[in-house]
Amino acid sequence: MKIVILGAGQVGSSVAESLASEQNDLTVVDLEPKRLRALQDRLDLRTVTGSASHPSVLVEAGIDDADLLIAVTQSDETNLVACRLAARMFNVPRRIARIRATDYLANEKVLGDEGFDVDLSICPEQILTDYIVKLVEFPGALQVLDFAGGKVSLVAVRAFAGGPLVGRQLKDLRAQDVRIVAIFRGDRSIMPDGEAVIETGDEVFCLAASGHIREVMRELRRLDEPVRRVMIAGGGNIGLRLARALEHDYSVRIIEHNNRRCEILAARLGKALVLTGDTTDEELLEDEGIADMDLFVAVTNDDENNIMSSLLAKRMGARRVVSLINRRSYVDLLQAGEIDIAISPAQATIGTLLAHVRRGDVVAVHSLRRGAAEALEAVAHGDRASSRITERRVDEIELPPGTTIGAVVRGDEVIMAHHDTRIHAEDHVIVFVMDKRTLPRVEKLFQVSAGFL
Amino acid sequence: MRRFAVVLNLVAVVTMIFAATMLVPLTISLVIDDRGELAHAAAIFFTLLTGLLVWMLTRHERRELHTRDGFLFVTLVWTVLPAFATLPLLIYLPRLTFTQAYFEAMSGLTATGATVLTGLDALPPSLNLWRSQLQWLGGMGVIVLAVAVLPLLGVGGRQILRAETPGPMKEKQLTPRIAQTAKGLWYVYAMLTALCALGYAWAGMGWVEALTHAFSTISLGGFSSHDASFAYFNSPRAELVAVIFMLLAGINFGTHFLAVRGRTLRPYGGDPEMRAYLGVVGTSVLLVAGYLVLFGVYAEMPVALRYAAFNVVSVATTTGYATADYAAWPIFVALSMLLLCTFCTCSLSAGGGIKMMRALLMFQQAFRELARMVHPRALMPVKLGGQVVESHIIFAVLAYMLVYGVTMTAITLVLTGTGMDFLTAFSASTATVNNLGPGLGNVGPAGTYATLNAFQTWICTGAMLLGRLELITVFVLFTPAFWRK
């Protein structure tokens, strides 16, 4: 697929990175030649220096025969203009834009056909905020992901010594509403068949109907106390959104070192307490009762700062610490260490984009384990003749190794997949792929053959 | 001196407009033939003549006013107009001293409602209407009216209107043009008055009486054409209408204006001041009613509720009507009601006092200082309706509160110094500075201010002026900086 990416910032780079590995022709546009050069050094792609909303620059980037435009510059307005131009002047079939300001999203017309022709708007800050809010709502989870418009959830939990999971075979655990779709032990993945045994420290991925998540969590983990007090380190875009999302139901404190930014935070926030100071200031943390915090979230834009403040918070008694970490090497270094959850912004936000570049009717993609594994939701089409998945029982489908069909959503009904579950046309199928290299084969399963079309 | 002439010229214009408003009672007097027409006609003639004369003498000095001239202009208008307003009273009631007539006129124009007159029932209806009309003119502000009628003030006009309208935050503009804003406010004000008059007519009042009371209700003034005030009617219907419209008039007229212009109730939802105002008044009514039943003033709850609702709303909105001698209620209730009148009404409403907005800001500021003890590094801005209130406004409000407190205390002290008993002095000071009207003790709802001697009367007159112009506008004239070239 020919893809033009506007903006080579954090989002643009990580998008380019994950798409480059999937055999796409990428062109990245940015104002900053330095950033482009850095990107080109690492990845096989073309770069164009210039203003991303100027038609001449777009032409130079080959927008004329592009299949997809991904506008992820810092500026909402540039992204909007680029999408509009791409649609009206260059007939680009699909356009994705990064939109931060919620004002643009308030009215459908702004992004619709009469407006800026944006097919899909993404807001990485909002995605990350939702991610963290889920962690607050489900205190035992490492990650909670939604499928089928929120009907099905995928929860990652860590098995701990003495818990109900450890030391038993999966077939003994299998409850009615929940299905364990993957187990990770260190860097290895273990096929979750009936004989598999979970050990202490394993990362276990369970699929369940969203309504049952709480019960499932209770079964899998010791009763985790609900979160009441949250401290947020860093009052940037994510910190602010997070505080706004949490302040009504939880006691929220937010630390920010910039005075001016603090004033903005205090103006935009209602009940949350805005504190001026360094996130690694021991005295400040002590004074504000870090030892009583149920959750400490470090969301500054500085990896080292996030790591240090999280470690400090954990040492000083915060029950659980979550840290935003951009650099992949750091994430690998820290996960499962003292920091309870390390979130990679790029991986967390890339899923929405990936769903749009996949072949087959893919509705949602969630990148897991720093991109090594993937959970995707795709729609089955056609019939037994034209498709390799429709009208077949699960055990009849030729799945690549390391791939599990977790659940099927038919209308409003959620069905946990068993070997004898039959898949109908228009079913949403949730597939868990443990090895990303097998992805093309999974995608092919969901494509209907030409004869059908 | 030229500066003074410019101001005088404008005052003369306002005086002539004021003379024109006197045509209303004259017309009514002629229609219903109540023998008051001579007093009105003579007053109009004299007022118009003086205005014209001063205008002729100063007409070459027209130029735009500076902000600092505005304070002088506003204060002059508010001291000169009551003097002319005394004319119908002085002509019709030759026994009245000028001091008392001026007090009565000032009480009218500042929408206070304190009176020195007895035997109101025997006065010509047109004269009672004139008293109420004075309150009505002063309630929204005569200069606001003048600006609405004539393009009187240019660019500097906004500052001048700020000197006349009450409230701590006046930056928000309702319309792009100042004359439009003035017109809009008066339009809503007049509309509410018309509705209120219709309500009173429905409750059984004659039309002159209905208009008289509508004028003093919407302006939150409180003059009545009966010595017994609202108790004269003894009509639950009339009381209901009065309570509803007093409550409405206590809300920011800017909010009313936005609601009327947009034909939506949404502006009310976005007015945190109004929520607090209605909450405090509503709670107070219930508490007072409960207390009155508990202490045996009224035997039954519905009766207590009726009297509590009317009198508490009347006092809290600084109107000053009465259906019961609440000074005779337990002193705790009477003093609590007096406390309510100091802060309940909203800014840019017709009411007096420090305004709910300032009270809210002060409350939050105090709370913030306390919270800062626990969280020294926290940033806690004072907010109103989700908007951060800038610190310079907080400081202005603090300064205002100080001046307010000192003024109240000083007036109370001076009055006790003249031999007045403490309760009368304190309540008279509160009732005049907050433009309420009746106080407690000798000046309670059952009595009048006629018992005061001339000096005491002048003190109270000054207090009403200070309260209506929110102190600062007047006090600024007494600073050396104001007079420095």
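This is a predicted model: local features need pLDDT of at least 70, side-chain atom pairs count only at pLDDT 80 or more; totals for chains, interfaces and linings use all residues.
Within how many Å do the axes of helix α1 and helix α15 of chain A come, and at roughly what angle do they cross?

View 1. Local features rest on pLDDT of at least 70 and side-chain atom pairs on pLDDT 80 or more, while totals for chains, interfaces and linings use all residues. Residues are numbered from 1 along each chain as its sequence is written, and chains are lettered from A and ligands numbered from 1 in the order in which they are written. Chain A holds 16 helices and 24 strands, which are DSSP runs (H or I of at least four residues for helices, E of at least two for strands) numbered from the N terminus. Of its 453 residues, 45% count as buried, a term for residues with 20 or more other C-beta atoms, placed from the backbone, within 10 Å of their own.

**View 2. The crossing of α1(A) and α15(A).** The axes of α1 (residues 10-20) and α15 (residues 345-357) of chain A come within 9 Å and cross at roughly 60°, where axes are lines fitted to C-alpha atoms over the stretch in contact and angles run from 0 to 180 degrees between N-to-C directions.

**View 3. The residues between α1(A) and α15(A).** Among the residues that make the contact are Val11(A) and Leu19(A) of α1(A) and Ile350(A) and Leu353(A) of α15(A), contact meaning that C-beta atoms, placed from the backbone, lie within 7 Å. The residues of this contact divide into nine nonpolar, four polar and no charged, with Ala, Val, Leu, Ile, Met, Phe, Trp, Tyr, Cys and Pro counted as nonpolar, Asp, Glu, Lys and Arg as charged, and the others, Gly among them, as polar.

**View 4. The extent of chain A.** The C-alpha atoms of chain A fill a box of roughly 70 × 60 × 40 Å, taken along the principal axes.

Terms used:
A residue is buried if 20 or more other C-beta atoms lie within 10 Å of its own, exposed if 12 or fewer, and partly exposed in between; C-beta atoms are placed from the backbone. Two residues are in contact if their C-beta atoms, placed from the backbone, lie within 7 Å.
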